[in-house]
Every structure is written in C-alpha cells, then in structure tokens.
Amino acid sequence: MKKILATVTLLFFCAATVLQAQEKEDKLDLPGDNLNLYAVLKLFQESETLEGFEKKLNEEDSKINNLDLDGDDKTDYIKVVDNLDGDVHTIVLQVAVSANETQDVAVFTVQKNDKGGVEIQLVGDEDLYGKDYIIEPNMEGAGDKATETPNPGFTGNTKVINNEKVVVQQTTTVQISAWPIVRFIFLPTYIVWHSPWYWGYYPPYWHPWRPHYWHFYWGYHSGWYWHYHGHYRRWHYHRYPRWNAFYYNGRRSHSVIVINRRRDGLYRNTYSRPDSRKDGLALYNKTKPVNRVPSDKPNVRPTNPTRPAVPNKKPTSPNTRPITKPPVNRPSTRPVTPPTRPAVRPAPKPAVRPTARPATTTTSKTKN
C-alpha cells in the first residue's frame, strides 16, 4: 500500500513539474498572454469570412479572447480591419482602448507566392507580445529547409509538449490557399472588410464578460497543445517583404494608455491565481472529452476564477441599440484595480447602425 501511495505521489509530482515548466515557457508576462495566437490562427483557418471570424473571436464560448487592455475588468471587443497592399492582405486585430486611442493586437499577413500557394503569418504586436512574435502553419513548399526552425525541441515530425510527443502536421502553401477564408478574401467579388464597430458602439449580440485569471486561461488552452503545436510553429522572420514600409511604419496603431499601464505593472494581477490552472484544464476535459488530457484532479468542478467588475464609466451612444460593455453580474474573487483613465470622457459620436458590410474606413492613431 505504501509503495502504491508513493508511486501515485511521484506521478502527481512529475505532472505538476511538467506543467510548471511548460507554463514558464509559455508565459510572456505581457498583455498578449491573454490572447493565445495559436488559438486565433486555428479559428482563422476554420472561418469562412472575416466578418464571421470577428464574431466568433469575440464570443465567450470560444474561450479565445481574454483581453482587458483598458483595465475596466471587462473583456475588450476585438475588431478586424483588412488593409490591401496590392494583392497582399494585412488583416489587423484591433481594440479601441478609449474614445481617442486604438491598439493593434496582432496582424495576419496573407500573400500568394510564385508557385500558386499562399503564405500566412500571424504577428503579435510588440507592445503585447514583444518583438517578432510570429506564428505560422508548419509550412512546406515555402522555400524552407527541413532543419530550418527556431524551436530546439523540433525533431523530425514530432515535438515534445508536456512531456509527450506531438505529431507535426506539415501543410503546403497550396493547402493553405484552400482554406475557406483565404479563398474568400482572394475572390474577385470580395469587398474589403473594415469592421464598423468602434468605442462606445458595438454589435447588439456582443456582451462582455469578466476576464479569467491567466492560469485558468492557460490551463484550458494547455489541453489544445497537441493541435496548436502539431499544426503551427513560431517563426523568426517576416515573409511579407513590405512589413515595415506598408504596415509597421505606415498603419500600425498603438495606445499610450496600454504603454503606461504596462509600465506601471497594471496587467500583472491576472497572474495571481495559479491554483485556477487545474480548473481551466478541468473545463477543457469537460467540454472536449474526446481529447481529454491528464489532470491532477480531473473531477474538480471549475470555479469562477474571474475578476470583479468596476463601475462602467464609459459613455454610451444615446440613440443606438448597441452599448459599451454592459455590466456583468457574477461573483467576484479579486480586489478591484483602480481605473487609471479619467472619469469623464467625450461622448462618442452618434452613429446609425451599419448594414451587414458597410464600406467604412477605420480611424486610428498612426505611429509616426
């Protein structure tokens, strides 16, 4: 009996050690920890249109968006804006942080190559992810040597994730060109998508929720590692040759509010509940039983490791149905972080609710 108990204890200890090591490897200690770009790329691959992708990205049930850049303890709405550079699409994910500032979160670059395939990368903004945080499919046929990879754990067609081998699924650029959303944006009839929503004016179907602690969020997404690391990889350079000229130096939007909040350490409270990691993993096991992964306590019912809301100080648009981040009534477990933004802000401009696909342009503050 003592031997059995000792064995079980050793197994739990090893599992905990592996999880902690993987957690340390994954955590950037930056705001981008709360938007998993592997999950975003997976959703992009599965979507049919940019409008549908934007809607799904902002759904609570998708468990992808956990961003709270403005610090009001409610998730931010991420809008999608496609900017064309010839036949190259730079598809920006962007958050309105205030009535006057927007912050780019990440950018897809989608371009055709001379062999009839399509190359795609998802680049996290440096204010949220650090410099050159690039995710792409495990591409073949993109001029890469088999050994050319920045990941030292990559060997042959397997990777070691959470102490288990994950089969690497290679994808050709021709296969990427067949993704539904890629085919959609390269149609001759495609109307360039610029999300019509802005600060104080959001779609009526969207209701923000209290963001989860990072450990809960990480625990849930750790169950998907077999897919994330099997199909996608980190990369070390931009494939789009005009990244700096067209996007970074010409169209990138960044927020002083985000920079100041990051400097003051106001995003760090999200890391204060390591015990909630097991609850996130338990939720994954509950909702995805086919891909169930081990947990130190698989039968634990997930609690609500969410952050308490603060009074909504954002102005609402007077004559429109959509509202700004409606209140969320849920129990709270974390002390409120004092808001850093001024109590009074200019009221957003009134707007008529747009049609399904308006031809409006997105206004943003551009880095000089």
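These legends walk through a few close-ups of a predicted model. Residues count from 1 along each chain as its sequence is written, and side-chain values use heavy atoms, with hydrogens and water left out. Since the model is predicted, local features need pLDDT of at least 70 and side-chain atom pairs count only at pLDDT 80 or more, while totals for chains, interfaces and linings use all residues.

**View 1. Helix α2 packs against helix α3.** Here α2 (residues 37-46) and α3 (residues 50-57) sit at an angle of about 140°, with axes 9 Å apart; helices are DSSP runs of H or I, at least four residues, and strands are runs of E, at least two. Axes are lines fitted to C-alpha atoms, for helices over the stretch in contact, and angles run from 0 to 180 degrees between N-to-C directions. On the α2 side, Val-40, Leu-43 and Phe-44 meet Leu-50, Phe-53, Lys-56 and Leu-57 of α3 (contact means heavy atoms within 4.5 Å).

**View 2. Strands β1 and β2 make a hairpin.** Seven of the eight residues of β1 (residues 78-85) are buried, meaning under 20% relative accessible area with a 1.4 Å probe, protein chains only. Eight bridges tie β1 to the antiparallel β2 (residues 88-96), and Asp-85 stands opposite Val-88. Two residues lie between the strands, and Gly-86 in the turn has a positive phi of about 70°.

**View 3. Six strands build an open antiparallel sheet.** The order is β1-β2-β3-β4-β5-β11, where strands pair if DSSP finds at least two bridges between them. β1 and β11 (232-235) stand at the edges with a single partner strand each, so one side of each has no neighbour in the sheet.

Definitions and conventions: Buried < 20%, exposed > 50% of the residue type's maximum accessible area, 1.4 Å probe, protein only.
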